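Biologist: Could you take me through one part of this model up close? I'd like to hear about the disulfide and what surrounds it.

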Amino acid sequence: QVLLVESGGGLVQAGGSLRLSCAASGRTFSNYVMGWFRQAPGKEREFVGRISWSGGITYYADPVKGRFTISRDNAKNTVYLQMNSLKPEDTAVYYCAARTTSSTSYNYWGQGTQVTVSS
């Protein structure tokens with residue numbers, strides 16, 4: 001079992017920045033690929049990006065590419081989502097999730113943190 005807790009959400013003006021954190025506890029954090037997802041009101045949850053177990057490989061969805069950066073600190077069991085140049089359309093609940101390297105689906109999810117970007 002892996003417990004994930006997000007933090008760092010809030011209200012920010014368009015063009016601003018926020019850094020979300022996701023603290024993990026339970027099984028060995030470094031065994032897991034970590035992903036970030038978001039869900040806006042009335043929309044389906046969408047993939048934002050992911051980071052490999054070592055932190056050496058990242059992948060981003062097109063809407064956030066070049067603006068968002070995912071990093072992780074395995075010594076602190078924490079993954080981060082740095083969000084820059086925020087837009088109103090980035091407003092959503094952001095979730096972190098974990099999966100093993102051999103799995104194609106995310107098995108563990110956090111409770112989410114709200115990010116609101118005002119225009």
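**The disulfide and its surroundings**

Modeller: A disulfide joins Cys22 to Cys96, S to S 1.9 Å, where a disulfide is a pair of cysteine sulfur atoms within 2.5 Å. The pair ties together distant parts of the chain, with Cys22 in strand S3 and Cys96 in strand S9, 74 residues apart; strands are DSSP runs (E, at least two residues), numbered from the N terminus. Bear in mind that this is a predicted model: local features need pLDDT of at least 70, side-chain atom pairs count only at pLDDT 80 or more, and totals for chains, interfaces and linings use all residues. Residues are numbered from 1 along each chain as its sequence is written, and side-chain values use heavy atoms, leaving out hydrogens and water.

The link of Cys22 and Cys96 is right-handed, with 55° about the S-S bond. Cys22 counts as buried because its relative accessibility is 0%, and Cys96 is buried too, at 0%; buried means under 20% relative accessible area with a 1.4 Å probe, protein chains only.

Now to S8, which pairs with S3 in the antiparallel sense over 6 bridges; two strands pair if DSSP finds at least two bridges between them. Ser21 has Tyr80 in S8 as its bridge partner. S8 also pairs with S7, again antiparallel over 6 bridges, and Phe68 stands opposite Met83 in S8. S7 and S8 form a hairpin with 4 residues between them, and Asn77 in the turn has a positive phi of about 55°. Because 5 of the 6 residues of S8 are buried, S8 is largely enclosed by the rest of the structure.

Conventions
Buried < 20%, exposed > 50% of the residue type's maximum accessible area, 1.4 Å probe, protein only.
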